[in-house]
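Trainee: I am new to this structure and would like to begin with one part of it. Please pick a single region, take me through it closely, and then show me what lies beyond it.

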Amino acid sequence: MSALKTSDSPPIDDGTKDYVPLRGKYDPKKPHTSEQPITWTNWHQHINWLNVFFILFIPLLGCIGAYWTPLYRRTAIFAVVYYFNAGLGITGGYHRCWAHSCYKATLPLKIYLAAAGAGAGQGSIRWWSRGHRAHHRYTDTVKDPYSVQKGFWYSHIGWMVIKQDPKRIGRTDISDLDADPVVIWQHKHYIKAALFMGLVFPTLFCGLGWGDWIGGFVYGGILRVFFIQQATFCVNSLAHWIGEQPFDDRNSPRDHVLTAFVTLGEGYHNFHHEFPSDYRNAIEWWQYDPTKWSIWVWKQLGLAYDLKQFRQNEIEKGRVQQLQKKVDQKRATLDWGTPLHQLPVMEWDDFVEGAKSNGRALVAIAGVIHDVAGFVKDHPGGRTMISSAIGKDATALFNGGVYQHSNAAHNLLSTMRVAVLRGGCEVEIWKRGVDGKTPMVDSSGRGIVRAGDQVTRVVL
Ligand SMILES: [Zn+2]
Ligand SMILES: [Zn+2]
């Protein structure tokens with residue numbers, strides 16, 4: 001018998017290899033800092049100071065610097081335009097092109113995306129995509145590098161501020177990335193590329209363009225990087241925290257227009273986790289997904305090709321199954337009457353006797369006995385008509401003889417059922433299951449009664 005794998009068991013040979021950083025020293029055999037509990041004396045060893053410097057300290061300096069730096073209109077426009085370009089480098093490049101291979105990019109587009117993405121200060125394509133593939137493969141588990149199960153702030157920024165043991169992060173296959181010269185070049189020269197595209201380029205552009213060297217550095221560089229980092233971190237936090245789950249609610253990813261606005265269209269995250277290699281995140285034309293629109297434009301310009309898209313049939317199947325689950329959950333909260341197979345069997349004579357001598361308000365309809373005592377005074381057709389059916393088989397009366405009762409009336413009647421009649425219609429069959437066929441049940445095993453399908457409804 002095969003045991004379930006835990007995170008500590010040796011990995012299955014699935015063709016993946018441990019991640020090997022191309023820079024720096026890393027020995028997977030040595031115990032990692034994160035294995036020690038955090039204490040007052042060792043907490044600083046648990047902090048990834050390089051990341052703290054880039055994602056917290058530098059932005060803080062930028063905020064302070066902005067107090068003394070006037071913001072000129074041209075610099076502001078440049079910062080916004082450059083913000084969108086660097087953002088596209090991450091969403092259209094790192095994420096949809098490299099991490100998920102949603103489409104293929106030509107060399108000029110790859111160089112643009114790798115350069116623009118480096119200007120967003122979020123690590124190299126290789127490092128970023130490897131973590132993101134692990135996030136998709138092991139969503140919400142201990143092998144998910146930014147699992148939202150560890151809390152909102154952990155998934156947003158904590159996972160970068162606190163050192164993580166690379167051995168803990170789930171393994172994925174990145175052989176395609178290792179074969180891409182643009183990815184490898186950017187990874188090997190990442191620090192230089194990030195400093196140049198993140199800070200030097202905007203400073204030069206605004207300085208040489210209109211003499212605003214400091215504004216270019218503070219607004220076009222530092223603060224723009226800060227905003228874009230925080231915006232894209234929201235895909236790991238906010239997109240797993242707020243919104244709807246129209247395709248599957250067993251994991252945390254969610255769809256929300258707010259997250260989409262913040263992340264250039266990456267906010268339809270429930271769809272994205274279900275259909276990760278689709279070049280779209282938003283599938284409706286009116287939803288905000290500028291990354292999808294950009295990829296489409298690149299295709300028209302001959303810069304992108306092989307755009308992947310799941311068949312609408314597959315997408316709708318997921319949506320219907322999730323809707324069904326919601327309907328089943330709602331159905332489970334309603335009173336559908338005691339199931340027939342749980343009711344006692346009553347002889348005809350006992351039924352008549354109970355109504356006549358004992359004064360019980362029993363009515364038989366289609367072989368099911370109902371106690372209508374509490375309903376006589378509320379009967380929409382009046383007290384007389386319902387009283388005349390007590391102690392009788394009212395199947396025909398109920399089904400058009402006197403009045404063709406509504407679907408709602410059949411539903412209400414089912415909540416009053418108290419017994420089934422021996423020899424009355426299909427009692428014995430109901431007791432053992434209809435016709436030997438399994439009764440239709442929902443995902444939680446409860447019987448389904450469709451409109452017009454109630455047992456008391458008889459076509460005469
Ligand atoms: Zn996710
Ligand atoms: Zn993804």
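Mentor: Two strands pair if DSSP finds at least two bridges between them. The strands themselves (E, at least two residues) and the helices (H or I, at least four) are DSSP runs, numbered from the N terminus. Residues are numbered from 1 along each chain as its sequence is written, while chains are lettered from A and ligands numbered from 1 in the order in which they are written. This is a predicted model, in which local features need pLDDT of at least 70 and side-chain atom pairs count only at pLDDT 80 or more, while totals for chains, interfaces and linings use all residues.

Let us look closely at the open sheet. Its four strands come in the order β3-β6-β5-β4, and their pairing is mixed. β3 (345-346) and β4 (362-365) are at the edges with a single partner strand each, so one side of each has no neighbour in the sheet.

β3 and β6 (residues 417-421) run parallel and are joined by two bridges. Valine 345 has valine 420 as its bridge partner in β6, and methionine 346 is opposite leucine 421 in β6. Against this sheet packs helix α15 (residues 348-356), which touches β3, β4, β5 (368-371) and β6. The direction of α15 makes about 145° with that of β4; such angles run from 0 to 180 degrees between N-to-C directions, with axes fitted to C-alpha atoms, for helices over the stretch in contact.

Next comes the step from β6 to β5. These strands run antiparallel, with three bridges between them. Isoleucine 369 is opposite alanine 419 in β6, and histidine 370 is opposite arginine 417 in β6.

The hairpin of β4 and β5 has two residues between its strands. What is the phi of alanine 366? The value is near 50°, which is positive in a residue other than glycine. Alanine 366 sits in the loop between β4 and β5, and is buried because 23 other C-beta atoms lie within 10 Å. (Buried means 20 or more other C-beta atoms within 10 Å of a residue's own, exposed means 12 or fewer, and partly exposed is in between, with C-beta atoms placed from the backbone.)

Aspartate 371 is also worth a look. This residue lies in strand β5 and counts as partly exposed, because it has 17 C-beta neighbours inside 10 Å. Not counting residues up to four places away in sequence, aspartate 371 touches Arg360, Ala361, Leu362, Met416 and Val418; contact here means C-beta atoms, placed from the backbone, within 7 Å.

The chain is divided into domain 1 (33-321) and domain 2 (340-436), with bounds from an automatic or database domain assignment. The C-alpha centres of the two domains are 64 Å apart.

The largest nonpolar core has 55 residues, of which Trp98, Tyr103, Ile125, Ile222 and Cys234 touch the most other members. (A core is a set of buried Ala, Val, Leu, Ile, Met, Phe, Trp, Tyr and Cys residues joined through C-beta atoms within 7 Å.) Helices that each supply at least two residues of this core include α3 (73-99), α5 (125-137) and α10 (213-236). The most comes from α10, which gives 12 residues. Tryptophan 98 is in contact with Gly93, Ile125, Ser129, Leu177 and Val183, leaving aside neighbours within four places in sequence. A second, separate core has 21 residues, among them Leu340, Ala355, Leu413 and Val455.

Finally, a word on confidence. The mean pLDDT (the predictor's confidence in each residue, from 0 to 100) is 88 for the chain, and 92% of the residues reach 70 or more. Over residues 1-7, pLDDT stays under 50, and the model has three contacts beyond four places in sequence for them. Where pLDDT is low, the predicted coordinates should not be read in detail.

Conventions: Contact = placed C-beta atoms within 7 Å.
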